[in-house]
Amino acid sequence: MNTKPNVIADVATPARTKEVLKKYDLAAKKSLGQNFLVDLNILNKIVSAAGLDESKGALEIGPGIGALTQQLAKQAGKVVAIEIDQRMLPVLEETLAPYANAAVVHGDVLKVDLNEVFERHFAGMSGVSVVANLPYYITTPIIMRLLEERLPVENIVVMIQKEVADRMAAKPGTKDYGSLSIAVQYYCEPQVVTIVPHTVFIPQPNVDSAVIRLQVRKEPPVQVENEKLYFEVVQASFAQRRKTISNNLLSRFFTKETKPRMEAALQEAGIDPSRRGETLSLQEYASLTAALSRAGVTL
Ligand code: SAM
């Protein structure tokens, strides 16, 4: 009987993860957001939220020692995992050895040519999901890169800080609603899948975590002619949360002399100038952007 611990089997248990880290003499790097998942139940929830099957691809960001990658490889036709930390490469070679459909790309996800990754690895797949336990220090830049580049992604299922998940899914008029909510909801339909306790990670993070599913929309939910201006208007409206929309717009786009044009634009869009940015819906921001554009606001 083989009594040796089998590290090629699922690494997502506390004992196996510790064993692998010890075997390769690895300590988790805080600076790279390394918190390894050691709970198969949570991993299964993440994987099933992505709705994968043999015909689909999965792009993972930050495979670490391969806990999630292994589970993805069991469900998807192809898994590509981008990892910045060179120390993980020999570990992944071992933990992913049984999975011929898993490939590792060494690099920084913010710099790797993702279009090239898609063309090379996912051609012919019926859809691709991004699935990851993200490094928390760059959650927002990663998600915004994926969305703004309009990569052919069906959905994004990621473990992130709970506080960020709440902001992404927030509705107008709530304290969590802000420019991130609007940016994410412009491209996706967000749904918090589950809240995750600290105890499922090694080492344990200091913040609460959540799994969020972002179903990427085929079309934005509102009609916007100038997206750049739209997001600039949103940013400006939240520049000082406690200020009214008119005060925020005034500081960003108008002067004392041109203020009447702003007032006319707000009226045309049907928005009370004393409202705060956090009360406006995506649609109201679209109407406001169009009215401001007609009032001569450009970038
Ligand atoms: N997927 C593993 C798991 O669930 O156990 C590890 C997740 S850990 C939270 C985040 C991973 O992202 C680490 O392996 C880290 O090295 C990697 N990472 C951090 N910054 C990255 C970047 N810019 N590009 C690619 N990977 C990165």
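**Working chat: burial, sheet, cores and salt bridges**

User: Is Gln-71 buried or exposed?

Analyst: Gln-71 is buried, as its relative accessible area of 6% is under the 20% limit. Please note that the model is predicted.

User: Where is Gln-71 found?

Analyst: Gln-71 belongs to helix 3, which spans residues 67-75.

User: And which residues does Gln-71 touch, leaving out those up to four places away in sequence?

Analyst: With those set aside, Gln-71 touches Asp-10, Leu-40, Leu-43, Asn-44 and Val-47.

User: Let us step back. How many helices and strands does the protein have?

Analyst: There are 12 helices and 9 strands in the protein. Its C-alpha atoms fill a box of roughly 85 × 40 × 30 Å along the principal axes. Of the 299 residues, 51% count as buried.

User: What share of the contacts with a separation of 6 or more comes from residues 24 or more positions apart?

Analyst: Residues 24 or more positions apart account for 69% of those contacts.

User: How do strand 5 and strand 6 run, and how many bridges join them?

Analyst: Strand 5 (residues 127-133) and strand 6 (residues 155-161) run parallel and are joined by 5 bridges. Val-130 has Ile-156 of strand 6 as its bridge partner.

User: Changing topic: which residues touch the most other members of the largest nonpolar core?

Analyst: Those are Leu-59, Tyr-230, Leu-249, Tyr-285 and Leu-288, in a core of 67 residues. Domain 1 (14-216) and domain 2 (227-294) each supply at least three residues to this core.

User: Take Tyr-285 from that list. Which residues does Tyr-285 touch, again not counting those up to four places away in sequence?

Analyst: Tyr-285 touches Ile-182, Tyr-230, Val-233, Val-234, Ser-237, Phe-238, Ile-245, Gly-277 and Leu-280. There is also a second, separate core of 36 residues, with Leu-26, Ala-58, Leu-96 and Met-159 among its members.

User: How far apart are the C-alpha centres of domain 1 and domain 2?

Analyst: The two C-alpha centres lie 36 Å apart. Across the boundary, 13 residues of domain 1 are in contact with 14 residues of domain 2.

User: On to charges. How many salt bridges does a search of the whole structure find?

Analyst: The search finds 17 salt bridges. One of the pairs is Arg-120 with Glu-116, whose closest N and O atoms are 2.7 Å apart.

User: Where do Arg-120 and Glu-116 sit relative to one another?

Analyst: Both are in helix 5 (residues 114-122), and because they are 4 residues apart there, about one helical turn separates them. Arg-120 is exposed, with 60% relative accessible area, whereas Glu-116 counts as partly exposed at 33%.

User: And which residue forms a salt bridge with Glu-268?

Analyst: Arg-294 does, with 2.5 Å between the closest N and O atoms. Glu-268 lies in helix 11 (residues 259-268) and Arg-294 in helix 12 (residues 282-294), so this pair ties together parts that are 26 residues apart in sequence. Glu-268 is partly exposed at 47% relative accessibility, and Arg-294 is exposed at 59%.

User: What about Lys-111: which side chain does it meet in a salt bridge?

Analyst: The side chain of Lys-111 meets that of Asp-108, at 4.0 Å from N to O. Lys-111 is exposed, with a relative accessible area of 70%.

User: Last one: where is Thr-298 found?

Analyst: Thr-298 is in the segment after helix 12. At 63% relative accessibility, Thr-298 counts as exposed. Its C-alpha atom is separated by 16 Å from that of Ala-264, a residue 34 residues apart from Thr-298 along the chain.

Notes: Residues are numbered from 1 along each chain as its sequence is written. This is a predicted model: local features need pLDDT of at least 70, side-chain atom pairs count only at pLDDT 80 or more; totals for chains, interfaces and linings use all residues. Side-chain values use heavy atoms; hydrogens and water are left out. Two strands pair if DSSP finds at least two bridges between them. Helices (H or I, at least four residues) and strands (E, at least two) are DSSP runs, numbered from the N terminus. A nonpolar core is a set of buried Ala, Val, Leu, Ile, Met, Phe, Trp, Tyr and Cys residues joined through side-chain atoms within 4.5 Å. Buried means under 20% relative accessible area, exposed over 50%, partly exposed in between (1.4 Å probe, protein chains only). Domain bounds come from an automatic or database domain assignment. Contact means heavy atoms within 4.5 Å.
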